[in-house]
Amino acid sequence: MNKVIDKKSQFGSYHENDVIFLLKDLSSYELEGTTENREKNIQSGQHYSETLPIEYQPPEHYMQVFRKTLEEYKRMVALCSGIVAEQIFHQKGKNTVLVSLARAGTPIGVLIKRYILSKYQVDLPHYSISIIRDKGIDENAIHHILNNHPEKQIQFIDGWTGKGAISIELTKACKVYKEKYGIVLDDTLAVLADPGQCTSLYGTREDFLIPSACLNSTVSGLVSRTVLNDQLIGPKDFHGAKYYENLIDTDVSNEYIDIVSKEFPAIQKEAFEESERLLKNQNEAAFKGMDEVVRMAKEFDVDSTHFIKPGVGETTRVLLRRVPWKILMKDPDSPYVRHISLLAKERNVEVVHYPNMSYTCCGLIKKVSDSQ
């Protein structure tokens, strides 16, 4: 039976008025496997969404890097959140439902909701739902949102873009939804950073370090990656996820939101002006990052572009939950890659100075046949 996660069910650690997760609670199931076994299964054909990686528990020195990063970039995160929020509110106004893509999009959706509330005193509904590469968006969650907000427009939100796989998946999913139900959804994906030029709605196209990319569930409401497999998710169910309540002592989800939100008053004027500039000179998605990824695949003899994860956020994910082969860095001395250097050293992964790319860094996944 599907369990609708609402404000009262305490799924996740966010404040109850910040976000509603539309996810089936799978907390009682053992879905995690070792990184190496999971990678082997994925590369042998199992879809990544059928299982979960073991949640990385960072040591204290890594958390110190996270906190230092948050202190350094809280203003930039606030500014980019404000720039995106201003564009959304200009285009859709009070007629908006914020729908973040779990899980990297969730803290960004909370920040955008908080910004609009503080600037315009409008409390927009905010949901977090699942979208999975090659599987599509959670249509049951979309049905639920449209049934509860029939006159409003959905605005999809994520944290950042890499190659643009989720942007492409979202466009495909919206097309399928229109064909099946006759309902048109706006497939424009709002993100803080768009280094791959994969959307027209962004805060910046600089590949900067969004501090929430440094951690997993402990900065995303203690919610796991989303799960979709036939054994646990029925046709009427939402996609699933786990709530890692056992990690509550290390949770920084609300602290992260509160620290960034305190910067909003100081950046409102700049956010408004930059959003106006972007709206007047809208840069469409060109997916230029994919050209670089194809070049890297040839240069490093990588079989599939799926094994190449460009951008600070995606490189972090490779180190936290995949089997990394090499890390390419545009500038190894950049403050954006301090945490990546720590993780690479911890996992004994080669770092290659690679200045000829627009991304700050890029993670290359090891072929399991290369693993010992």
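**A four-stranded sheet**

Tutor: Let's start with the layout: four strands make an open sheet in the order E13-E16-E14-E15, and their pairing is mixed. (Strands here are DSSP runs of E, at least two residues long, and helices are runs of H or I, at least four; both are numbered from the N terminus. Two strands pair if DSSP finds at least two bridges between them.) This is a predicted model, where local features need pLDDT of at least 70 and side-chain atom pairs pLDDT 80 or more, while totals for chains, interfaces and linings use all residues. Residues count from 1 along each chain as its sequence is written, and side-chain values use heavy atoms, leaving out hydrogens and water.

(Axes are lines fitted to C-alpha atoms, for helices over the stretch in contact; angles run from 0 to 180 degrees between N-to-C directions.)

Next, step inside the sheet. E14 pairs with strand E16 (residues 361-365) in the antiparallel sense, over five bridges. To pick out one spot, look at Lys326: its bridge partner in E16 is Leu364.

Finally, bring in the helix. Helix H8 (residues 288-299) packs on this sheet and touches E13, E14 and E16. (Contact means heavy atoms within 4.5 Å.) The direction of H8 makes about 140° with that of E13.
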